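Please open the structure in your viewer and keep the selection tool at hand. The tour below goes from one selection to the next.

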Amino acid sequence: MTEEFISVQDRIISASIDIVSDAGLSSLNYKNISLKTNISEDMLYKYYLDTNEILIDIVNTFFKFDNSIIRTINSKDVSYIDKIAFYIDAFCSYYNSYYSLSSIMLQLEELLHNTHTRELVESGYMNRRRCLLDLFENAIENHEINNNYNAEQLTDQLLGFIRVCFLNRRVMIYKKSIKEDIMSYYKIWINSLKVI
């Protein structure tokens with residue numbers, strides 16, 4: 001997509017996500033955004049009063065497709081194991097196509113300490129967690145997976161692995177995509193939980 005089809009705000013957010021991905025939240029400032037976007041600092045202030053407003057839009061972008069993915073999952077007439085696989089596939093496809101955005105997952109702790117983004121992060125994270133929790137509860141109730149772990153433990157295991165995969169990709173070289181890496185783990189892991 002060429003720059004003339006992207007709104008100025010989208011350019012600012014995209015550049016800001018890249019900056020955070022490359023150098024962390026502390027590097028997000030108007031000077032760096034201006035250098036990355038070739039938009040003057042004065043012009044940036046016409047779109048965002050401060051970097052906290054930019055962080056709000058970054059968090060909103062991170063959680064942007066959650067509700068539509070969850071609605072799609074809920075409308076599918078498949079097993080709960082398949083719904084969980086679809087959930088992982090959908091999110092991994094999103095982050096796979098936008099590598100820098102995946103780094104925001106690793107910044108959530110710091111964003112929880114920002115008064116402007118705390119509620120958004122908490123709400124978005126809890127929405128994702130509730131979705132997985134419901135799917136695992138139903139999978140256990142329908143005897144698709146064993147009950148050696150409860151739904152909360154399974155949810156935390158999966159969310160933890162996804163976070164570790166994202167961190168590994170930041171510090172190690174991988175030939176597989178995020179999606180391939182996480183889906184291969186999921187298949188082995190879920191097979192070990194299936195009721196025999």
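Are Tyr95 and Phe166 buried or exposed? In this predicted model, Tyr95 is buried, and Phe166 is buried as well.

Keep both residues selected and look at how they are placed in the chain: Tyr95 belongs to helix α6 and Phe166 to helix α10, so that the pair links distant parts of the chain, 71 residues apart. Their ring centres are 5.7 Å apart and their planes stand at 80°, which is over 60 degrees, so the pair counts as edge-to-face.

Phe65 sits in the loop between α4 (51–62) and α5 (66–75), while Tyr94 is in helix α6 (residues 80–97), so the pair ties together parts 29 residues apart in sequence. Phe65 counts as partly exposed at 37% relative accessibility, whereas Tyr94, at 13%, counts as buried.

Now select helix α10 (residues 151–171) together with helix α11 (residues 178–193), whose axes come within 10 Å and cross at roughly 150°. The two helices are therefore roughly antiparallel to each other, and α10 passes α11 in a right-handed crossing. Among the residues that make the contact are Leu158, Phe161 and Phe166 of α10 and Ile182, Tyr185 and Trp189 of α11. By class, this contact has 12 nonpolar, one polar and two charged residues.

Notes: Residues are numbered from 1 along each chain as its sequence is written. This is a predicted model: local features need pLDDT of at least 70, side-chain atom pairs count only at pLDDT 80 or more; totals for chains, interfaces and linings use all residues. Side-chain values use heavy atoms; hydrogens and water are left out. Axes are lines fitted to C-alpha atoms, for helices over the stretch in contact, and angles run from 0 to 180 degrees between N-to-C directions. Helices (H or I, at least four residues) and strands (E, at least two) are DSSP runs, numbered from the N terminus. Angles under 35 degrees count as roughly parallel, over 145 as roughly antiparallel, 65 to 115 as roughly perpendicular and the rest as oblique. A crossing is left-handed if the near helix is turned anticlockwise from the far one by less than a right angle, and right-handed if clockwise. Contact means heavy atoms within 4.5 Å. Ala, Val, Leu, Ile, Met, Phe, Trp, Tyr, Cys and Pro count as nonpolar, Asp, Glu, Lys and Arg as charged, and the others, Gly among them, as polar. Buried means under 20% relative accessible area, exposed over 50%, partly exposed in between (1.4 Å probe, protein chains only). Rings of Phe, Tyr and Trp (its six-membered ring) pair if their centres lie within 6.5 Å; planes under 30 degrees apart count as stacked, over 60 as edge-to-face and the rest as tilted.
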